[in-house]
Amino acid sequence: MTRPILVFDVNETLLDLDHLSPLFADLFGDGAVMRDWFAQLILYSQTVTLSGLHSDFATLAGGVLRMIGTIRGVRITEDDIARLRAALGSMPAHPDAADALALLRDHGFRMVTLTNSPPSDGPSALQRSGLGPYFERAFSVQPSGASSLRRRPTGWCPRR
């Protein structure tokens, strides 16, 4: 019998974006700006993909941070971009994620991830969060040049 495969997005689905709020509070005086930044990041990720262009996730994340800074009259420096990248790489798992993934695994589901983040030679944010062992494979859309929100990489992922 073939076991079903579940494909998970990583950022905000498994890893807690609220970890980034203190950085946004420091930069903008309001941690809630992080939600606006993330919404814009998803929008621009889709836009880049649908227009046939390509940008790696970290570059796009930094560009959207600069855009939000310009809109709000806040100068964003290279150090701020580096802090954002470091924070993205150290996001913790949502508190209920490990229990939920264990339940799915125990019920026979196979699990993989598909993320916009590029592959890394070192441990990924998912591995650092402690959730890595629940997944058979971690796929990145970076080699395909498409957002994980586009149909093509999702169809491509399970065949790998």
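# Exercises on helix packing, sheet order and burial

Helix 2 and helix 3 are oblique to each other, a term for angles that are not under 35 degrees (roughly parallel), not over 145 (roughly antiparallel) and not 65 to 115 (roughly perpendicular). The model is predicted, so that local features need pLDDT of at least 70 and side-chain atom pairs count only at pLDDT 80 or more, whereas totals for chains, interfaces and linings use all residues. Residues are numbered from 1 along each chain as its sequence is written, and side-chain values use heavy atoms, with hydrogens and water left out.

**Exercise 1.** Determine at what angle the axes of helix 2 and helix 3 cross, and which residues meet there.

Step 1: the axes of helix 2 (residues 33-50) and helix 3 (residues 57-72) come within 9 Å and cross at roughly 125 degrees, where axes are lines fitted to C-alpha atoms, for helices over the stretch in contact, and angles run from 0 to 180 degrees between N-to-C directions. Helices here are DSSP runs of H or I with at least four residues, strands are runs of E with at least two, and both are numbered from the N terminus.

Step 2: helix 2 passes helix 3 in a right-handed crossing, that is, with the near helix turned clockwise from the far one by less than a right angle.

Step 3: the residues in contact (heavy atoms within 4.5 Å) include Trp37, Leu41, Tyr44 and Val48 of helix 2, and Phe57, Leu60, Val64 and Ile68 of helix 3.

**Exercise 2.** Work out how helix 3 packs against helix 4.

Step 1: helix 3 and helix 4 (residues 78-88) pack at an angle of about 130 degrees, their axes being 10 Å apart, and this angle makes helix 3 oblique to helix 4.

Step 2: the crossing of helix 3 and helix 4 is right-handed, and the contact involves, among others, Ala58, Gly62 and Leu65 of helix 3 together with Ile81, Leu84 and Leu88 of helix 4.

**Exercise 3.** Place the strands in the chain and in the sheet.

Step 1: the protein has 7 helices and 3 strands, and along the sequence they follow the pattern β-α-α-α-α-α-β-α-β-α.

Step 2: the 3 strands form an open sheet in the order 1-2-3 with parallel pairing, two strands being paired if DSSP finds at least two bridges between them. The edge strands, each pairing on one side only, are strand 1 (5-8) and strand 3 (137-140), and the twist averages 25 degrees from one strand to the next.

Step 3: strand 1 is joined to strand 2 (residues 110-115) by 4 bridges, and phenylalanine 8 has threonine 113 of strand 2 as its bridge partner.

**Exercise 4.** Decide whether serine 21 and glutamate 12 are buried, partly exposed or exposed.

Step 1: buried means under 20% relative accessible area, exposed over 50%, and partly exposed in between, with a 1.4 Å probe and protein chains only.

Step 2: serine 21, which is found in helix 1 (residues 21-28), has 17% relative accessibility and therefore counts as buried. Beyond its neighbours within four places in sequence, serine 21 is in contact with Gly31 and Met34.

Step 3: glutamate 12 lies in the loop between strand 1 and helix 1 and is partly exposed because its relative accessible area is 24%. Most residues other than glycine have a negative phi, whereas glutamate 12 has a positive phi of about 80 degrees.

Step 4: for the protein as a whole, buried residues make up 41% of the 160 residues.
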